[in-house]
Amino acid sequence: MNVRNIIDRIKPTFEKGGKLAFLHSTFDAFETFMFVPATTTKRGAHVRDCVDIKRVMIIMVLALIPAFLFGTWNIGYQHNIAFGLGWGFWQTFGYGLVKIIPLYLVTYLVGLGIEFTSAQLRGHEVNEGYLVTGFILPLIVPVDVPLWMLAIATAFAVIIGKEVFGGTGMNIWNPALIARAFLFFSYPSKMSGDSVWVGGVSRFTETGNAWASAGHGLVDGFSGATPLANASMSGLAEHGYSALNMFLGTVPGSVGETSVIAILLGAVLLLLTGVASWKIMLSSVAGGLLVGWLGFIGGATDIPCWYHLIMGGFLFGTVFMATDPVTSCQTECGKWIYGFLVGALAVVVRLFNPGYAEGMMLAILLGNTFAPLIDHCVISASIRRNARKGRTA
């Protein structure tokens, strides 16, 4: 008996009048996750397509896999080079996997738990958007973030960032960035500064180093500054962060944000499938390059403008979060404006806010806030332009 037959046999139990009818939302979520719904329209004109929102979410997750795989390996790699352990590939990757799995367990258990509970209480279908949110969140935080903090941030993002607005498709801000913003403003010492973890589970201090040197075993991690924390040519050179290192991703940083190659692989998939807007990606890059160039020639920084694209979370945010179809602009002209503002603002924050080296999170959240206004202005301008054409015709 195949899976479809098994589901069809037990389905009446979860439908109205069945013994487990109160779990209909939960059952429906699992059924529609595995199979395209069999419902068909009977009247009116409708756009029919084989791709539904669950399949779009799956494409997003597939696009994130290269960044996840490389980031997992980089966790072990940073630990490996810190202590000169001489690990091979599988030891390095396995170490990283052990460190990142708890983050995914927390984000999915807490997030999906709230999603399913909310759907059951309201008698609604379970929203699919959290498949992507739960996958992104561990990739944009330090891997040593305390799990209880991550659980609180996840709950805050799902409840305040999504459910109060009506769930997936109704939220104003990107839920994963809401969680990161919650962590940043509530527990800044865990999210920024030189003491943030970049290669293990706990802080690596001079005391820990001495303990390890004395033969008491290795501490579980070390602290240090990421390339953005040393955002000057002298600082990058001092710490050995070359452009090639940052392009490949063999530098400290949040799990999924370091490798430009892995992010670009995901971007190619999103563009080929039409899931993400190339206009937003291109205009964001243009905005970042322009402001970076102005800052460079104006003496605000000695970093070449294109360095901003390969440092920190600029490219990750541009590809995977600024392009979120729910929270970004919907009009074609608005996408150009929105993307440009996100990229430009991210670099402005980097150049002129010494207390916060990474500006992409704030740039995207502000872009999300003003996206409806941008669309409104674009549509209003189009209506006025068409009205003038009508009067002159």
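Tutor: A disulfide is a covalent bond between the sulfur atoms of two cysteines, and here a disulfide is a pair of cysteine sulfur atoms within 2.5 Å. By this rule the protein has zero disulfides. Cys329, for instance, is in no disulfide, since the nearest cysteine sulfur, that of Cys333, is 9.1 Å away. Please keep in mind that this is a predicted model, in which local features need pLDDT of at least 70, side-chain atom pairs count only at pLDDT 80 or more, and totals for chains, interfaces and linings use all residues. Residues are numbered from 1 along each chain as its sequence is written, and side-chain values use heavy atoms, with hydrogens and water left out.

Student: How many helices and strands does the protein have?

Tutor: Helices (H or I, at least four residues) and strands (E, at least two) are DSSP runs, numbered from the N terminus. The protein has 17 helices and zero strands.

Student: At what angle do helices H12 and H15 pack?

Tutor: Axes are lines fitted to C-alpha atoms, for helices over the stretch in contact, and angles run from 0 to 180 degrees between N-to-C directions. H12 (residues 260–273) and H15 (residues 314–321) pack at about 15 degrees, with their axes 10 Å apart. Because angles under 35 degrees count as roughly parallel, H12 and H15 are roughly parallel to each other.

Student: Which residues of H12 and H15 meet?

Tutor: Contact means heavy atoms within 4.5 Å. On the H12 side are Val260, Ile263, Leu264, Gly266, Ala267 and Leu270, and they meet Leu315, Phe316, Val319 and Phe320 in H15.

Student: Where is Pro66 found, and what is Pro66 in contact with?

Tutor: Pro66 is found in helix H3 (residues 53–83). Leaving aside its neighbours within four places in sequence, Pro66 is in contact with Ala262 and Leu265. The C-alpha atoms of Pro66 and Ala262 are separated by 5.0 Å, although these residues are 196 apart along the chain.

How values were computed. Angles under 35 degrees count as roughly parallel, over 145 as roughly antiparallel, 65 to 115 as roughly perpendicular and the rest as oblique.
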